[in-house]
Amino acid sequence: MAGVMESEEQARNSFQSELEFIQCLANPNYLNFLAQRGYLREKPFVNYLKYLLYWKEPEYAKFLKYPHCLHMLELLQYEHFRKELVNAQCAKFIDEQQLLHWQHYSRKRTRLQQALAEQQQQQQLPHGNATAK
């Protein structure tokens with residue numbers, strides 16, 4: 001029984017540490033750090049990144065707080081991308097693009113919510129007029 005408990009605890013710890021690590025991949029400065037220290041050239045590390053692709057499955061992805069990490073994980077599968085990350089300018093560019101994406105996403109989402117609210121109000125008006133007659 002103790003062996004089963006340990007393996008469940010080990011599985012939980014493994015899940016938690018992989019979850020934390022994969023979300024760090026959304027940070028281009030962290031990717032630059034890994035690249036500059038040579039991790040992204042090491043075959044075992046590259047294999048680990050390939051192994052982590054299972055996080056793209058919905059039953060795992062639902063636990064991610066920073067889903068952008070999945071896109072970075074996908075890009076990390078390519079040697080050219082891993083090599084480019086050594087350059088701090090590359091990380092800076094990715095960081096800026098992420099910021100632009102979220103700014104655009106926020107504005108677009110706000111406009112969509114406003115449009116939906118207006119649409120709901122317009123749908124309510126005819127019903128209100130129909131009952132008043």
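Two residues are in contact when heavy atoms of each lie within 4.5 Å. The model discussed here is predicted. With that cut-off, and leaving aside neighbours within four places in sequence, Asn 32 is in contact with Leu 85, Val 86, Asn 87, Ala 88 and Ala 91. One of these, Asn 87, is 55 residues from Asn 32 along the chain, yet their C-alpha atoms are separated by 7.1 Å. A polar atom of the Asn 32 side chain also lies 2.7 Å from the backbone oxygen of Leu 85.

Asn 32 lies in helix α2 and is buried, with a relative accessible area of 10%. The helix spans residues 28-36, and its buried residues are Pro 28, Leu 31, Asn 32, Leu 34 and Ala 35. Seen down the axis of α2, these buried residues fall within an arc of 160°, so they line one face of the helix. An α-helix has 3.6 residues a turn, so residues three or four places apart point the same way.

The surroundings of α2 can be followed at both ends. Asn 27 caps the N-terminal end, with a side-chain oxygen 2.8 Å from the backbone nitrogen of Asn 29. After α2 comes Gly 38, which has a positive phi, near 85°.

Arg 82, found in helix α6 (residues 79-84), touches Ala 35, Leu 40, Val 46, Leu 76 and Gln 77, not counting residues up to four places away in sequence. Arg 82 is buried but has no salt bridge. The nearest side chain of opposite charge, that of Glu 79, is 5.1 Å away, whereas a salt bridge requires 4 Å or less. The Arg 82 side chain instead reaches the backbone oxygen of Gln 77 at 3.2 Å.

Note on methods
Residues are numbered from 1 along each chain as its sequence is written. This is a predicted model: local features need pLDDT of at least 70, side-chain atom pairs count only at pLDDT 80 or more; totals for chains, interfaces and linings use all residues. Side-chain values use heavy atoms; hydrogens and water are left out. Buried means under 20% relative accessible area, exposed over 50%, partly exposed in between (1.4 Å probe, protein chains only). Helices (H or I, at least four residues) and strands (E, at least two) are DSSP runs, numbered from the N terminus. The arc is that of the directions from the helix axis to the C-beta atoms. A polar contact is a pair of N or O atoms within 3.5 Å; within protein, one must be able to donate a hydrogen and the other to accept it, and residues adjacent in sequence count only if both atoms are side-chain atoms. Lys and Arg count as positive and Asp and Glu as negative; His and the chain ends are not counted.
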